[in-house]
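Work through these exercises with the model open. Each task is followed by a solution in steps.

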Amino acid sequence: MTIAVLSEVATGAEDLSIWPASTALLPHGGLAVGGVSLTELADRFETPVYVLDEGEVRGRCRTYQDAFPDAAVLYAAKAFLSRAVVRWVREEGLGLDVCSAGELELAITAGFPPERIVLHGNAKSPRDLESALRLGVGRIVIDGPSEIARIAAAVGPQGRQKVMVRVVPGVSAGGHDKIRTGTDDQKFGLSLTDGGAQHAITRILGQPQLELTGLHCHIGSQITDVKPYLVALRRMVGLMARIRDAHGIVLPELDMGGGHGIAYRPGEPALDLTALARRLRAELAEGCAAARLTVPRLIVEPGRAVVGPAGVALYRVLAVKHTGEKVFVAVDGGMSDNPRPALYGVRYAPRLIGRRSTAGTRTATVVGRHCEAGDILAADVELPGDIHPGDLLAVPVAGAYQLSMASGYNLVGRPAVIAVHEGSARVLVRRETLEDFRNRDIGG
């Protein structure tokens, strides 16, 4: 397919800063991603539909590999996982961070090496642990004291499993209180301040079936400042020194988690990855030198920052309603495919595509089709004043924590995921249908 691309000079200033790097302007108000017209994708695959730019995902994997050449970079599968994403991540040299037997087994069946996988989770089920041990995951991150005996017993007297300990470093960071995980007032990890982490480490070292390879911490999500990571790293190095002094062992790994923030709207801040990598390495080297520790191998776990900006959600407008001073633009998706605005108050920047409007803009709220007043996709955004049913809206930065958190609310069905790359499009995940719902409902 040949696409005639308009230059930004010819069409005026067009802010595509938060869109995939492959995004191009087309005639008559259209956009192409990965060399494919979004309007044509909506017509071909119906809406709502999610578009994932393979080149953007791979490019972001390489950016992390370049920024952290001596570290292990693990893709956080919870952001979004499919067999194709597993393949892309594997081919770009990243490891994988999973949180369930489902994520783990999908990755393994898609050909991912188990030794490059780390299993997390604050409440691992028996199936999670059975799958991890049977498939031979590289690390299991111990999140609470009860897991120590459970994992040791599951390993058996002749076995041995590498483990890490998730430590809560007492650092508050993140874009919303529901995604801040570095303080003692939430469900994850073992506290540094009350001695829980130190006690767990002593117990693990007493279990011959468990090999403690390092410490893990994750302080939150959607973090755009480097400083909280540095504070957490100093505290983790301090704990490593105390472990050395108390037990005579030097742990070889330090996992600083992920949570790297991205911009969802033009002008919003994003974490400076180059600055993060440079300052983390410097702080780690200086801290270990001061404590006379061998520098451990650093591990980072980006998810959102890899796949988020690579995704675009496409919706068809179903209705436009004027209520007093408010304008509601209702689309054919909503909180069943993107619960994040309802959960966290996330703000997006939807854009009309497929036609060029000459009308002035008007403040509107884009809402979903579900029976919830909180089913709002984008509040108080500027859209053309002549927007009408049948129009197409594109929402960038839609690759992370949307479909991975999607539900079956109102039996609407989850959208398809379409990969685009170098001018071609293919289905990665098919649309969920009424037939799927009927097949699961076996009662009579």
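**Exercise 1. Classify Cys61 and Cys371 as buried or exposed.**

Solution. The model is predicted, and its accessibilities are computed from it.
- Step 1: Cys61 has a relative accessible area of 0%. Buried means under 20%, so Cys61 is buried.
- Step 2: Cys371 has a relative accessible area of 62%. The cut-off for exposed is over 50%, so Cys371 is exposed.

**Exercise 2. Find how many disulfides the structure holds.**

Solution.
- Step 1: Searching the whole structure gives zero disulfides.
- Step 2: Check Cys61. Its nearest cysteine sulfur belongs to Cys99 and lies 17 Å away. A disulfide needs sulfur atoms within 2.5 Å. Cys61 is in no disulfide.

**Exercise 3. Describe how α5 and α6 pack.**

Solution.
- Step 1: Take helix α5, residues 101-109, and helix α6, residues 126-135. Their axes come within 9 Å and cross at roughly 25 degrees.
- Step 2: Angles under 35 degrees count as roughly parallel. Therefore α5 and α6 are roughly parallel to each other.
- Step 3: The crossing of α5 past α6 is left-handed.
- Step 4: List the contact. From α5 come Ala101, Leu104, Glu105 and Ile108; they meet Arg127, Asp128, Ser131, Ala132, Arg134 and Leu135 of α6. These residues divide into five nonpolar, one polar and four charged.

**Exercise 4. Locate Pro20 and state what surrounds it.**

Solution.
- Step 1: Pro20 sits in the loop between α1 (8-11) and β1 (24-25).
- Step 2: Its relative accessibility is 2%, so Pro20 counts as buried.
- Step 3: Set aside neighbours within four places in sequence. Pro20 then contacts Val33, Asp53, Glu56, Pro309, Ala310 and Val312.
- Step 4: Take Asp53. Pro20 and Asp53 are 33 residues apart in sequence, yet 7.2 Å apart in space, C-alpha to C-alpha.

How values were computed:
Residues numbered from 1 in each chain as written. Predicted model: local features only at pLDDT ≥ 70, side-chain atom pairs only at ≥ 80, totals over all residues. Heavy atoms only, no water. Buried < 20%, exposed > 50% of the residue type's maximum accessible area, 1.4 Å probe, protein only. Axes fitted to C-alpha atoms, helices over the stretch in contact; angles between N-to-C directions. Helix = DSSP H or I, 4+ residues; strand = E, 2+ residues; numbered from the N terminus. Parallel < 35°, antiparallel > 145°, perpendicular 65-115°, else oblique. Left-handed = near helix turned anticlockwise from the far one by under 90°. Contact = heavy atoms within 4.5 Å. Nonpolar A, V, L, I, M, F, W, Y, C, P; charged D, E, K, R; others polar.
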